[in-house]
Number of protein chains: 2
Amino acid sequence: MLFFLVLSFWVPAVLTSGQVWPLNNTPRKTVTLSNRGHVFKEEGVWNYTTMLLMEDEGVLILGAREAIFALDLNNITHKKAMVKWAVTSEMQRTCISKGKTQTECHNYIRILHKMSNDTMFVCGTNAFNPTCDIMSYKDGKLTLKGKQQDGKGKCPFDPFQRCASEFVDGQLYSATSFNYSGSQPVVMRSLNDTIRTEFLTSWLNEPSFIGMKHVAEGDGNPEGDDDKIYIFFNERPVEYDTYSKMEVSRVARVCKGDVGGQQILQEKWTSFLKTHLNCPVLQTRLPLLIQDVFLFCPDTWKTCMFYGVFTPQREILWPEYSAVCAYRIQDIRDVFSKGKFKKLYNDSFIEKWARYDGPVPDPRPGACINSKTREKGFSASLDLPDETLQFIRDHPLMDQTVKPSEQLQLVKKGAVFTRIVVASTTALDGSSHQVMFIGTASGSVLKAVNYDGKMVIIEEVQLFKQSEPVKILQLSITVGQLYAGSEEATVQMPLSTCDHYASCMDCVLARDPYCGWDLSTERCIAIKNIHPDTHSEMVQSLKDGNAARCPAVECTTIIKTFYPGNEVMLLCQPGSNLARVQWSVNNQTIQNSNKYNIHHNNLLILNASDSDTGFYTCTSVESSNGNDYVIQNATYEVRLGNITEYPSVRPQVQEQQKCLFFLNTLVIIPTLMLLALVVWNFYKGHFAVQSSSKKAEESPKSVSFYQVPLQIVQESSTEIIINRVAESPDMTNQHN
Amino acid sequence: MLFFLVLSFWVPAVLTSGQVWPLNNTPRKTVTLSNRGHVFKEEGVWNYTTMLLMEDEGVLILGAREAIFALDLNNITHKKAMVKWAVTSEMQRTCISKGKTQTECHNYIRILHKMSNDTMFVCGTNAFNPTCDIMSYKDGKLTLKGKQQDGKGKCPFDPFQRCASEFVDGQLYSATSFNYSGSQPVVMRSLNDTIRTEFLTSWLNEPSFIGMKHVAEGDGNPEGDDDKIYIFFNERPVEYDTYSKMEVSRVARVCKGDVGGQQILQEKWTSFLKTHLNCPVLQTRLPLLIQDVFLFCPDTWKTCMFYGVFTPQREILWPEYSAVCAYRIQDIRDVFSKGKFKKLYNDSFIEKWARYDGPVPDPRPGACINSKTREKGFSASLDLPDETLQFIRDHPLMDQTVKPSEQLQLVKKGAVFTRIVVASTTALDGSSHQVMFIGTASGSVLKAVNYDGKMVIIEEVQLFKQSEPVKILQLSITVGQLYAGSEEATVQMPLSTCDHYASCMDCVLARDPYCGWDLSTERCIAIKNIHPDTHSEMVQSLKDGNAARCPAVECTTIIKTFYPGNEVMLLCQPGSNLARVQWSVNNQTIQNSNKYNIHHNNLLILNASDSDTGFYTCTSVESSNGNDYVIQNATYEVRLGNITEYPSVRPQVQEQQKCLFFLNTLVIIPTLMLLALVVWNFYKGHFAVQSSSKKAEESPKSVSFYQVPLQIVQESSTEIIINRVAESPDMTNQHN
């Protein structure tokens, strides 16, 4: 039975690699932010979607609509500084007159980069007139320098169009649209010398820019290779000929040292190469599209991985699911440096992009200037021969796609992932684990870890309203906090909240690499806070989720009284979504029927009668790596309302009983007294022909007696908790 | 509020034509077959998937696995005859030895056609050795003639592969695979002369055959045109170059008189043309695929329409929805007779099918021999010039797709349509309506009608288990019955069951063109059964769904007594899925909360207390063409268990009250008597130093008083129905 439940609970799917994945992939806990984090929102300010961490200064620079904030990294509710950057009413009027909406015609801060210790580069959409400025954070004050410069090609015109940027060595790398209508997409380097992409559909074809990452591949590179800027986007593929419009995900890259060509590709990238970034999960007929990318480098740049979140192509009716694919930097490098190019074949009737198998010029088109190129006498891109430049201009697309690394994939049905960040942490046994924090379109963050190829979603934290997608995620390893922004607010939550796991079983089965159960203090605590000597008193079992070392727990019994013909609701809230709840009465398993209705784990006894009395138990079974852990969540003794049994809780009943007793005594005493008096009178011979003719009247007191039964009824249902211990369901679930 | 409900209830989507469709498109009623139809299944026989109507004989010939039945058309439970056609154990052994499963190695009857009055042509898969035979139904007996012939190319080898066939003028037209492995698909004419398709991927590319229809276009055709055989299938398109494998729906056609070419296309179709059959709903990125087709011809062949059911391409995670598209025969004819052809362009690097704009030979390739062709001296396909034949051999695919007629589309979310038949009926006002009966993968049949472009799903009838897809639908207009087959059973259901509509409102809002409400007899009756003179007493409002002429109905009140602390369940079952239920207490609307739980239209009052007493009303509002019809489904008077109010149902209470009264009297009377006696004694001067010293004892009667309240409790809940009339929810819903 349990085995069957496990099977039906996990919908498996064969992915391309032959792996079987549980698509339902339920988070173990679904919790709200409540007291574990902080929320910041400023009255009248929206669109908290740009962030810059200034860890040295201890502030989070937050860009919103027409405002920039400096918030305390440890508690974002502490607003340290704020600067307004609003559009003038004149600018707004002009913008609206061009057919844009009032909402669009504001200044949305879209770019925030650190230039030096206390200065920043900031751009905003500025009512469809993108503008940049220099900003300082000094002496607790945010100041815009007013050195406004044209933001065209740096920041989008349209505040709701996605863009990407990086700031490297005093230069801004940006990917956005170059013109008002958004029809000229561009990947550009600016500030000192300006280099950009060609306006050709073979270079960029209606792209939506997702992310840009700088990788310092030039640092101590034995081949004298250059740093790279990687650009992630979705665009209409020129290489597919389909039934209707579709998109593919791309990764492109340029070299940091690229200064453009001499004649051909003058002030254009000579190193712009792109290819299909494939996330081939679920054997979908249309490629998934990237929604966010995170660069995770545990060590040197060679260990870097790009984590991308992917969703299916949007249709009117589309299945909601999302995936995470991770790509090794070396795999991307190999496609660009060794792969074949695609070529456009065309005659008068048809056009088609297909693999080019012909000769490739030397130096290899699109390659950065490295030691070998320099040896050949090409010390900069300006020196490159026309042949190489003409080839790269015509063949920016590679034939080979980039495939994800086999490990670290997550597919989840019913979820729309929007953002991702990845943190690394060291477990009790010294092993290192990558923890993914994934923002969703329904305002939550999933915390997930991959253990031996199996993805575990530790929890889903609801940060915003269901209708508020997570639009930015930032991670501060220094303060151990995650910052998330949406249209309406910014929140901060710690990477772990171990003390919210109430019991040992809960703490260990969570498989949270940050947390372990301290057997001595009987608390779930953060691994980083423990002294190495106390390791033996800690329980943590990440890969196995083995809770066998957890001490046994006592059970809770609740007495529930009912009256026939009504319904009786018995509550049961297991602390884990992975627990399967089983109700039983007097050890007989309960199924949904005309009599019993199990809904949201609670049991409803319909039309209760005296045959429904007995002991009801709610058991939850949580499977962890093949082992079943059984927890008794609640035991109820369901009793027929028997008023004589609980004198202490039935004052009205007591009273009535006393009344009756008193009444009886009242009857007996006068009767006996009367009898005695009569006997005495007879004995004394007082009775002769005399008789009493007086009529009795009802005492007003009888009215109060009538009312007694009514008052009993109002006290019919009472719960008496006999025993409440740490493992009680209420406490287990405290942090939900 | 109501407006909001309507909006949230109907998920609209803009289709290609700009029309807005309600995707949820809920059937007004969801009912089971119960007593409205008949079920036939023979012990040990499965796969009831082939049917042949013999209306003259009054029988339904039913082909299943290794058995053919003749069932009474009026009641299929009456088996008139049966013949077994099983494979020998030797054949089965051979079949299994070739790697097939035991299930596959049986004889599945897949082809049943009428040849003459009492003879039929029948084929079965015969353990992967397709074989045909002649069968007769004479004197109540089914007999296989034993004239077995090779079924290759007529009937599939694989019993679970779809196939299609027609029997016209003594010839069998079939579409199936020609070889054991299924790799050679073929569209073939056989029995007299054999003509088939070329084994070329440009002709047929991994097709799945769905349906075949003969249209007698040659009958009295002024242009001397020929009859056509239309073939519907899905296949891999050669014309698209996509991310991964996909399919498109096709319609192809051949001429009945085609006898093949002389040199080129010898014994091959010279008239095989195919094109993309497009059902462009919901702007999907991948084309929908056809699952079944029904030929509906209200008058001459020129009025013919093909109704197709379509589903999206299957993926591991796919959104469940289905569509119906209808195609005018003239639109299909136009594409084939006037459209451009596609041509394969190829050079050493690439291949691509694109539109051919060059000259087309005369006579037009693929055209049937007609008066004009004959005038030119080509009296048969054998006479056609090589140029025409070579062209059609290389260009079987048309460039233009077939688009559906604008009217008569249905899109439904959450449903997988499998089969369709269409019936026509005449309404009370003489208008004609096409009623679609659509089989689903979940074993049900939807009955749907299009009124002025708006699709109304009158009901969904669950014929089989949820896991049993409808695999065949057949319609007999003569007996007014629908026959459906699945893997496990065959069922019969009438096209309408008017008497199951319990009230006038229910009958009229159903908008069932077969039914109307008779005001005189107060019954919902079949339109075809009424006398023209009684028209004025009938209510039917199909396009408007106007139930204003329905008489008002009285309401039902139920008294429900409860005791505090328990839950109280109040039931409400509106007779229509389109009705939106609203609960109110003392005219205050109830929302789901900690106090109230509305689930499946029933109201659960949690932790009831004396403040929950009052009048609870369950109202359902059904919108019909902009008008809201409010029906009060149930009214409850919820009372606190008040023992004094219902003497008749509370004998124990009465008794206790009497006891108390009696007790009071008992106290008062002896007390008064005692008092009188004492006064009298004083008055008489009897009291001196004498005193009474007797002690009172408790009466054993007091024990019985204690127990009274307990017995009250056992009588706590009682329902008293004050008024029950025709419009009561129970009766409205009788046929669910």
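1. Which residue in E6(A) is the bridge partner of A:Leu52? The partner is A:Ile61. The model is predicted, and the points below should be read with that in mind.

2. Strand E5 (residues 50-54) of chain A and E6(A) run antiparallel and are joined by 5 bridges. Their hairpin has 4 residues between the strands, and A:Gly58 there takes a positive phi near 70°.

3. On its other pairing, E6(A) meets strand E7 (residues 67-72) of chain A, again in the antiparallel sense, over 5 bridges. A:Leu60 stands opposite A:Leu71 of E7(A). These two strands also form a hairpin, with 3 residues between them, and A:Glu66 in the turn has a positive phi of about 65°.

4. Strand E6 (residues 59-63) of chain A is largely enclosed by the rest of the structure, because 5 of its 5 residues are buried. A:Val59, A:Ile61 and A:Gly63 point one way from E6(A), while A:Leu60 and A:Leu62 point the other way. In a regular strand the side chains alternate between the two faces of the sheet. Residues pointing either way from E6(A) are buried.

5. Elsewhere in chain A, an open sheet of 4 strands has the order E18-E19-E20-E21, with antiparallel pairing. Its edge strands are E18 (208-215) and E21 (273-276) of chain A, each pairing on one side only. From one strand to the next, the twist averages 20°.

6. Within that sheet, E18(A) and strand E19 (residues 228-235) of chain A run antiparallel and are joined by 7 bridges. A:Phe209 stands opposite A:Phe233 in E19(A).

Definitions and conventions:
Residues numbered from 1 in each chain as written. Chains lettered and ligands numbered in written order. Predicted model: local features only at pLDDT ≥ 70, side-chain atom pairs only at ≥ 80, totals over all residues. Buried ≥ 20, exposed ≤ 12 C-beta atoms within 10 Å, placed from the backbone. Pairing = 2+ DSSP bridges. Axes fitted to C-alpha atoms, helices over the stretch in contact; angles between N-to-C directions.
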